[in-house]
Amino acid sequence: MNDVTPENASFFHLNDASGAIVAQVTPDSPASQAGLQRGDVIVQLDGKKIVSSSDLQMAVSQMQPGTGIALGILRDGSQKTLSLKVGEFHGNAEVASNSDGSDNHGKLGLAVDDLTDDVRQQLRLPGSVHGVAVEQVRPGSPAEDAGLQPGDVIVEVNRQPVPSAQQFADKVHANPADKDMLLTIWSKGNESYRVVHPSQG
C-alpha cells in the first residue's frame, strides 16, 4: 500500500489526501478473494476513517486471523464496501514478492513488474519509456537509500536495457555482490542515474 498524498490524490479521483492506495494485491490472499484491486483506495475500516497506510496496517495487525472486517473503498471515484477476513501475516518480503522480478530477499530490496498496458496507463508513461516499474521498496533497503520509489521505472542496469522483470532480476543477480550498480531511472518525467550500493543479505 501507499499513502494518499496531495500529489497523487487527483489520479485516484480523491478530494482529500487521506486513505491507503492498494499498489499490489497478492494472489489468493484475503484481499484478492474479496475483490480488492490495484488502484483501490481504502478509506474506512469497519466504519472508521483510514488516514494512511500505516493507520490501516496498525489497525489490522491488532486483529486475530479470521476476524471479519468491512473495508470502505473508492474505486475510480465510486464508493464500495468489501467484506473479508483477516489472514495471517507472513512478513513484507513474502507479501511483496512476485515470481519474476522480486528482489525483496536480496541485493536491492525492491520488487518490479513488467510495463504492461495497464501499468503504463496507471503511471501515465510515454511510449518512448521502456523498462520495469518499481512496485515496492523495502524500508531501509539499498533501493530506498538510493531514492527509488514505487512508480519509478528502471530503464537500465549498468547502462544495459532491462525490458522485462525477468531480465532485470537476471542482471541484478549477475552483478558481483561487492560492486555498486548504476540504475537509469525514469521518474516524474525525467531520467536520472542512481548509484545503488547492494547489500549482501
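Which residues does His13 touch, not counting residues up to four places away in sequence? Keep that in mind while you set up the view. This is a predicted model.

**Colour by confidence**

Start with pLDDT. The chain averages 83, and 89% of its residues reach 70 or more. Among the elements, strand S3 (residues 41–45) has the highest mean, 95. Helix H3 (residues 92–96) has the lowest mean, 32. Now select residues 90–105. Here pLDDT stays under 50. The model has 35 contacts beyond four places in sequence for this stretch.

**Select strand S5**

Take residues 68–75. Six of the eight residues in S5 are buried, so the strand is mostly covered by the cut-off of under 20% relative accessible area. Show its neighbours next. S3 runs antiparallel to S5, and four bridges join the two. Pick Leu45 and look across to S5: its bridge partner there is Leu71.

Click Ile69 and find Leu84 of S6 standing opposite. Then follow the hairpin of S5 and S6 to its turn. Two residues lie between the strands, and Asp76 takes a positive phi near 55°.

**Select His13**

Stay at Asp76 and bring in His13. His13 sits in the loop between S1 and S2. Its contacts, leaving out residues up to four places away in sequence, are Asp76 and Gly77. That answers the opening question. Draw a distance from the C-alpha of His13 to the C-alpha of Leu74. The value is 8.5 Å, for residues 61 apart along the chain.

**Select Asn8**

Stay in the loop between strand S1 (2–3) and strand S2 (20–21), where Asn8 lies. Asn8 has a relative accessible area of 18%, so it is buried. A polar atom of the Asn8 side chain lies 2.8 Å from the backbone nitrogen of Thr5. Not counting residues up to four places away in sequence, Asn8 touches Asp3 and Ile21.

**Find the salt bridges**

How many salt bridges does a search of the whole structure find? It finds two.

Select Lys49 and Asp16 for one of them. Their side chains meet at 3.6 Å, N to O. Lys49 belongs to strand S4 (residues 48–49) and Asp16 to the loop between S1 and S2, so the pair ties together parts 33 residues apart in sequence. Lys49 counts as exposed, at 53% relative accessibility. Asp16 counts as partly exposed, at 39%.

Move to Asp40 and Arg75. This salt bridge spans 2.8 Å, N to O. Asp40 is in the loop between helix H1 (30–34) and S3, while Arg75 is in S5, so parts 35 residues apart in sequence are tied together. Are these two residues buried or exposed? Asp40 is buried, with a relative accessible area of 0%. Arg75 also counts as buried, at 18% relative accessibility.

**Finish at Arg120**

Select helix H4 (residues 117–123), the place of Arg120. Arg120 is buried yet has no salt bridge. Which side chain of opposite charge is nearest? That is Asp117, 5.5 Å away. Show the surroundings last. Beyond residues up to four places away in sequence, Arg120 touches Leu115, Leu125, Pro126, Gly127, Val129 and His130.

Definitions and conventions: Residues numbered from 1 in each chain as written. Predicted model: local features only at pLDDT ≥ 70, side-chain atom pairs only at ≥ 80, totals over all residues. Heavy atoms only, no water. Buried < 20%, exposed > 50% of the residue type's maximum accessible area, 1.4 Å probe, protein only. Pairing = 2+ DSSP bridges. pLDDT = per-residue confidence, 0-100. Contact = heavy atoms within 4.5 Å. Lys, Arg positive; Asp, Glu negative; His and termini not counted. Salt bridge = Lys/Arg side-chain N within 4 Å of Asp/Glu carboxyl O. Polar contact = N/O pair within 3.5 Å; in protein donor to acceptor, adjacent residues only side chain to side chain.
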